[in-house]
Amino acid sequence: MGMSALDVIRKSRYGYYFIILAAALAALIHVICKPMLDGGNNQLEINPIVMAFLIYFICGIFFTPLVKKSHTSSKFTRKDVMFMLLIGIAEVSALITYFYGISTSTAVNASIFSNSEIIFALVIAMLIFKERLQIKECIPFSMIIIGMLVIPIGNDLYQNHLSLGSLVTGDALIIFSGLLYAIDITLCKYLGERFDLKKTVQITSFVCAAITISIIALFEIPMNVELTQLPNILIMSIIGTGMSTLFFLMGLKLIGEMRTILLYSTTSVFGILFSWMFLSEVVTPTNIFSSMLVFAGIFLLRNKLAGTETSEETEIIEREIIQTNTSHVILAKELSNLAISDSKAKEKIKNILFPNCGIG
């Protein structure tokens, strides 16, 4: 028996919780990894490449039992294998660059820069499809650039008397990792359309683990890790990466790409909060203003970021309404809270429900 329209409406509400939870869990990585990478809190300093290997390997193991429960008929071609390798190289480069960056930067700055991959992904998409920003989109885009790049880096330069110290270098590395992640996202869209997403995450995790362990073996990097650090590594791998990715995919399926982008951008807010709570980093009014400026810009640029979205739930609801009249009253009550991003689709459903009434 298919899912009813009312079930779709109610279940879609869980998507908001999943995305918010995914954002909060992902933000944990900023605050957990830093002490282990810079030797803070009297911890052993772990090499960023070793850290990356452990995270990818554990994450791949985490997704393995989930993949066994999913079914996919697509088989990997030579082109798919090539894409997997490219994704692995891009993702490994991004994570290692990020780890080197945050080891000299702050977790607060890393949280603010966490949305850079969204903007870089938009720029790459615009270059591929030869699109241009409209005049009304230039203002929110500028807000994001100013809040995410100009203010934080400018403030760090001012604090360092306009010298390129380790803090500014760390900021630049984190931003560059955002560019690499954007390339990774662009490549993943190809595989995401052909294969189950959980399977894609599992395979790319193992590919990344294979790449990092090869680097470790090639350069004879010692895998120095203390037993007391393993719980934090497991939290980053299973909760911060595995569970966060799983909740993200679940939320994406329920509420669509547009709201997912908006809600997941709150990762920076959670990151700043956790940096203050767990690392006792100073959160300045400048940090708060930067993050709010970025979030406001993303909200105003939401249509450009998500593109034209046709929600699957819209089609189900339309079909249910056309087939039966018994659920009109219940659906009418739920319509105001309906998780549909397209206002035209929402209006279409209203016209089906009340063809002779001017209900807005």
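**Figure 1. Surroundings of Tyr98 in the predicted model**. Not counting residues up to four places away in sequence, Tyr98 is in contact with His30, Cys33, Ala110, Ile174 and Ser177. Tyr98 belongs to the largest nonpolar core, which has 56 residues. Within this core, Met51, Tyr98, Phe99 and Met236 touch the most other members. Helix 1 (residues 5-38) supplies the largest share of the core, 11 residues. Another core, of 8 residues, lies apart from it; among its members are Ile87, Phe195, Ile203 and Val207.

**Figure 2. Helix 8 (residues 197-218)**. The 22 residues of helix 8 should span 32 Å at 1.5 Å a residue, and the end C-alpha atoms lie 31 Å apart, which agrees. Buried positions along helix 8 are Thr200, Val201, Gln202, Ile203, Thr204, Ser205, Val207, Cys208, Ala209, Thr212 and Ile216. Two of these, Ile203 and Val207, are also members of the 8-residue core. After helix 8 comes Glu220, with a positive phi near 50°.

**Figure 3. The second largest pocket**. Its volume is about 160 Å³. The lining is formed by Thr106, Val108, Asn109, Pro152, Asn155, Asp156, Gln159, Leu167, Glu281, Val282, Thr284 and Asn287. Helix 4 (107-113) and helix 6 (135-159) are the elements that give two or more residues to this lining. Helix 6 contributes the largest share, 4 residues.

**Figure 4. Residue classes in the lining of the second largest pocket**. Sorted by class, the lining holds 6 polar, 4 nonpolar and 2 charged residues.

Key:
Residues are numbered from 1 along each chain as its sequence is written. This is a predicted model: local features need pLDDT of at least 70, side-chain atom pairs count only at pLDDT 80 or more; totals for chains, interfaces and linings use all residues. Side-chain values use heavy atoms; hydrogens and water are left out. On a 1 Å grid over the protein atoms alone, a cavity is a set of points where a 1.4 Å probe fits but cannot get out, and a pocket is an open set with protein on both sides within 12 Å along at least five of seven lines; lining residues have an atom within 4 Å of a point. Grid points are joined across faces, edges and corners, and a volume is the space filled by probe spheres set on the points. Ala, Val, Leu, Ile, Met, Phe, Trp, Tyr, Cys and Pro count as nonpolar, Asp, Glu, Lys and Arg as charged, and the others, Gly among them, as polar. A nonpolar core is a set of buried Ala, Val, Leu, Ile, Met, Phe, Trp, Tyr and Cys residues joined through side-chain atoms within 4.5 Å. Buried means under 20% relative accessible area, exposed over 50%, partly exposed in between (1.4 Å probe, protein chains only). Contact means heavy atoms within 4.5 Å. The expected span of a helix is 1.5 Å times one less than its number of residues.
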